[in-house]
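These are my notebook entries on a single chain. I set down what I looked up, entry by entry.

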Amino acid sequence: MEKDNLDSLFDNLKDQFDIETPQNHHEQRFLDKLKANTIASTEVKKTSRFNWKPFLAVAASIIICLGLFTTLQNEPEDLDLASVSPEMSETQDFFTVTIENELKKLNKERSPLTEQIINDALARIQLLETDYKKLKTDLTESGKNQRVIYAMISNFQTRIDILNSVLEQIEIVKQYKSNSNENIL
């Protein structure tokens, strides 16, 4: 049935078809026009198409940087004794100055005879410094817990005690050496 419809359609259009022979080089002219249209359309696409990739990369980098900045900015710094109260600030200042002065005295006493004692003391002081940093983190996390505050004060006192003890040991060594030199003469 479809074949009949198709045959009747072609029969009705029989005299309307263009059956003339095209001019010479018709195919070449057609291909040239087609090629010219293809080149023109790609040039239009190239000039009208905007490359967003570099801008998207920059925008993504800015967003990441801002995210990191706000994250780092929101993290609280570790608290120390000075952040607890004005009295604790004075206490921290006292201990800090005292420790610095004792360290200066200790370094003045350096000699081949006292080198080992001083190095051992400085190693113990460094361990206490590391513990103090942990205590600062604990103070921040605990919300200024009194036990952490006492541990921080105790840490300062222990450092001062170590330094005083080493200075006393150095004095004993110096006296012993002085006495042994007197006995030899």
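I located Leu9 in helix α1, residues 2–12 (helices are DSSP runs of H or I of at least four residues, numbered from the N terminus). Leu9 counts as partly exposed because its relative accessibility is 44% (buried is under 20% relative accessible area, exposed over 50%, partly exposed in between, with a 1.4 Å probe and protein chains only). Together with Leu6, Phe10 and Leu13, Leu9 makes a nonpolar surface patch of about 350 Å². For such a patch, I took residues with over 30% relative accessible area and no salt bridge, nonpolar side chains (Val, Leu, Ile, Met, Phe, Trp, Tyr) being joined within 5 Å; the areas come from the Shrake-Rupley method with a 1.4 Å probe.

I note that the model is predicted: local features need pLDDT of at least 70 and side-chain atom pairs pLDDT 80 or more, while totals for chains, interfaces and linings use all residues. Residues are numbered from 1 along each chain as its sequence is written, and side-chain values use heavy atoms, without hydrogens and water.

For α5, I listed the buried residues as Ile118, Ala121, Ile125, Leu128, Tyr132, Leu135 and Leu139. Just after α5, Gly143 takes a positive phi of about 75 degrees.

I then searched the whole structure for salt bridges and found 5 (a side-chain nitrogen of Lys or Arg within 4 Å of a carboxyl oxygen of Asp or Glu). Glu129 pairs with Arg159, the closest N and O atoms being 2.5 Å apart. Arg159 is buried at 3% relative accessibility, whereas Glu129 is partly exposed at 28%.

I also recorded a salt bridge between Lys174 and Glu109 (2.9 Å, N to O). Lys174 lies in α6 and Glu109 in the loop between α4 and α5, so the pair ties together parts 65 residues apart in sequence. Glu109, Glu171 and Lys174 are linked in a network of salt bridges.

Notes
Helix = DSSP H or I, 4+ residues; strand = E, 2+ residues; numbered from the N terminus. Patch = residues over 30% accessible without salt bridge, like charges linked within 9 Å, V, L, I, M, F, W, Y side chains within 5 Å.
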